[in-house]
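Me: I've got a model open and want to talk through its helix packing. Can you walk me through it?

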Amino acid sequence: AVAVIYFVFLFRNPVLTVRERKHLRAFLLIFIAAVAFWLVEEQAGSTLNLFAQNVTDRGIGSWVMPSEWLQSVNPLLSVVFAPVFAWLWTRMADRAPNLPLKFAIALVGVGLSFWLLVIPMAAYDTNGTKAAISWLFTVYLLQTWAEILLSPTGLSASTRLAPAGKAASMVALWYLGLSLGSTLGGQVARFTIDAGVRTFWVSGAIAIVFGIAMFLLRRVVQRLMDG
């Protein structure tokens, strides 16, 4: 509700220029795509943690790794790969993918990471076979790459597309999108908690559908952003 009210407040601002309204429309599309991304990615603390706890073979010899430790994989991979991606964008310069294309790739990537877990989840549902820990490491790797594509790019856009005097508010609105996505993801996890593979099918499909939509709208978003 807060997000909807604040977007209405921004669009009804009578002093907005035509260019600023175009930028706001671009940011609205980016915001919706980001909410869909965080809806899936932020299930690391719920769906993925339960997968680690109940479905994953965490035994190393006689020692069993606590499932909570796997929550550290994503931040550790972010530290490792953030400078790699920063170097890559600098190296590619004008050939680097633009913002809507980065968002599209990130959404499809995070969706595919959930679809990947359908394979070990189906085996567990069928005969109780525990999943190798490498499945979760692969999922977290895909999600880390997707997050690096989307998160800093969107945060940067929130200031570049902000109307005059609204940069701080737009950054706050971006983080509100993260909160909104996390909340919706929690509700998806809640209603599909006993659904087995359907949990991963549904969550992955949401992200992929929005990723395809962002890919199809990429030129529209670029025009609204003035390139």
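This is a predicted model: local features need pLDDT of at least 70, side-chain atom pairs count only at pLDDT 80 or more; totals for chains, interfaces and linings use all residues.

Me: What angle do α5 and α6 pack at, and how far apart are their axes?

Reply: The angle is about 20 degrees, and the axes are 5 Å apart. Axes are lines fitted to C-alpha atoms, for helices over the stretch in contact, and angles run from 0 to 180 degrees between N-to-C directions. Helix α5 covers residues 99-116 and α6 covers 118-127. Helices (H or I, at least four residues) and strands (E, at least two) are DSSP runs, numbered from the N terminus.

Me: Which residues meet there?

Reply: F114, W115 and L116 from α5 meet V118, I119 and P120 from α6. Contact means heavy atoms within 4.5 Å. By class, that contact has 6 nonpolar, no polar and no charged residues. Ala, Val, Leu, Ile, Met, Phe, Trp, Tyr, Cys and Pro count as nonpolar, Asp, Glu, Lys and Arg as charged, and the others, Gly among them, as polar.

Me: Now α2 and α9. At what angle do they cross?

Reply: Roughly 155 degrees, with the axes coming within 9 Å. That makes α2 roughly antiparallel to α9. Helix α2 spans residues 18-41 and α9 spans 197-216.

Me: Left-handed or right-handed crossing?

Reply: Left-handed. That is the case if the near helix is turned anticlockwise from the far one by less than a right angle; clockwise makes a crossing right-handed.

Me: Which residues make that contact?

Reply: On the α2 side, L29, I30, I32, A33, A36, L39 and V40. On the α9 side, S203, I206, A207, F210 and M214. The classes are 11 nonpolar, 1 polar and no charged.

Me: What does L29 touch?

Reply: M214, V221 and L224, not counting residues up to four places away in sequence.

Me: Switching to α1. Which residues are buried?

Reply: A3, F7 and L10, in a helix of residues 2-11. Seen down the axis, they fall within an arc of 60 degrees, so they line one face of α1. The arc is that of the directions from the helix axis to the C-beta atoms. The face turned away from the buried side carries exposed V2, V4 and I5. The cover over the buried residues includes α2 and α8.

Me: Where does T56 sit?

Reply: In the loop between α3 and β1. T56 counts as buried, at 2% relative accessibility. Its contacts are F51, K130, A131, A132, I133 and L136, again leaving out residues up to four places away in sequence. F51 is itself among the buried residues of α3.

Me: What's with the phi of A93?

Reply: Phi of A93 is near 55 degrees, a positive value in a residue other than glycine. A93 is in the loop between α4 and α5, and counts as partly exposed at 48% relative accessibility.

How values were computed: Residues are numbered from 1 along each chain as its sequence is written. Side-chain values use heavy atoms; hydrogens and water are left out. Angles under 35 degrees count as roughly parallel, over 145 as roughly antiparallel, 65 to 115 as roughly perpendicular and the rest as oblique. Buried means under 20% relative accessible area, exposed over 50%, partly exposed in between (1.4 Å probe, protein chains only).
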